[in-house]
Amino acid sequence: MDALTGGDATGAPPAAFVPDCLFCRIVAGEIPADVVRDSGRTLAFRDISPQAPTHVLVVTKDHHANTAALTAANPELASVLLAEAVAVAVMEGVAESGYRLVLNTGSQGGQTVDHVHVHVLGGRHMTWPPG
Ligand code: 5GP
Ligand code: ZN
């Protein structure tokens with residue numbers, strides 16, 4: 001896979017749906033999830049292993065491998081994804097107290113699911129630096 005575009009070595013564009021991708025399968029309804037918001041182009045659902053009282057993942061419905069692939073392919077959708085993460089924070093009631101948005105990117109960035117997602121974490125005090 002091309003790290004910048006998310007496409008393959010032939011230069012083909014990334015597929016909208018990748019059958020063996022966990023988050024594509026959640027978007028398709030093949031794997032159940034606790035959905036909190038659906039914007040039409042993005043889906044927000046609770047993380048299966050919450051690291052804070054609020055821990056929601058916001059994903060694009062189309063498959064993009066990571067932040068770099070999304071911003072290269074569709075920067076407008078990247079801004080929609082960010083705005084949806086903020087909307088989730090408001091819905092979850094953590095906008096006033098503060099929250100953290102995380103986009104783990106690549107292996108050393110801690111990314112374990114290769115479908116771009118924003119973690120919305122809130123409801124407790126966050127520490128810095130991250131682990
Ligand atoms: P990453 O490590 O790629 O930044 O984040 C992937 C996140 O997906 C992790 O926080 C992990 O707990 C979450 N996750 C993994 N499998 C599932 C699942 O089947 N359902 C949900 N809702 N979250 C999952
Ligand atoms: Zn996917």
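Mentor: Helices (H or I, at least four residues) and strands (E, at least two) are DSSP runs, numbered from the N terminus. By that count the chain has 3 helices and 5 strands. Their order along the sequence is α-β-β-β-α-α-β-β. The model is predicted, with local features needing pLDDT of at least 70 and side-chain atom pairs pLDDT 80 or more, while totals for chains, interfaces and linings use all residues. Residues are numbered from 1 along each chain as its sequence is written, chains are lettered from A and ligands numbered from 1 in the order in which they are written.

Trainee: What makes His63 buried or exposed?
Mentor: A residue is buried if 20 or more other C-beta atoms, placed from the backbone, lie within 10 Å of its own, exposed if 12 or fewer, and partly exposed in between. His63 has 22 C-beta neighbours inside 10 Å, so His63 counts as buried. This residue sits in the loop between β3 and α2 (67-73). Its C-alpha atom is 6.4 Å from that of Ala15, 48 residues away along the chain.

Trainee: How much of the chain passes that cut-off and counts as buried?
Mentor: Of the 131 residues, 29% are buried. In strand β5 (residues 117-122), 5 of the 6 residues are buried, so the label is "mostly covered".

Trainee: How do you know which strands pair with β5?
Mentor: Two strands pair if DSSP finds at least two bridges between them. Strand β3 (residues 54-60) has 6 bridges to β5, and β4 (residues 99-102) has 4. Both meet the cut-off, so both are partners of β5. His119 in β5 is the bridge partner of Leu57 and of Val102. Leu121 in β5 is the bridge partner of His55.

Trainee: Why are β1 and β4 said to stand at the edges?
Mentor: The 5 strands form an open, antiparallel sheet in the order β1-β2-β3-β5-β4. β1 (35-38) and β4 each have a single partner strand, so one side of each has no neighbour in the sheet. The twist from one strand to the next averages 20 degrees.

Trainee: What does helix α3 touch?
Mentor: Two residues are in contact if their C-beta atoms, placed from the backbone, lie within 7 Å. Helix α3 (residues 75-91) packs on the sheet and touches β1, β2 (42-46), β3, β4 and β5. Its direction makes about 155 degrees with that of β3. Here axes are lines fitted to C-alpha atoms, for helices over the stretch in contact, with angles from 0 to 180 degrees between N-to-C directions.

Trainee: Which residues does Val59 contact beyond its neighbours within four places in sequence?
Mentor: They are Phe23, Val27, Thr42, Leu43, His115, Val116 and His117.

Trainee: What makes a set of residues a nonpolar core?
Mentor: Its members are buried Ala, Val, Leu, Ile, Met, Phe, Trp, Tyr and Cys residues, joined through C-beta atoms within 7 Å. The largest such core here has 24 residues. Among those with the most contacts inside it are Val56, Val59, Ala85 and Val120. Two or more residues come from each of α1 (22-27), β2, β3, α2, α3 and β5.

Trainee: Which peptide bond is cis?
Mentor: The one from Trp128 to Pro129, with omega near 5 degrees. Pro129 lies in the segment after β5.
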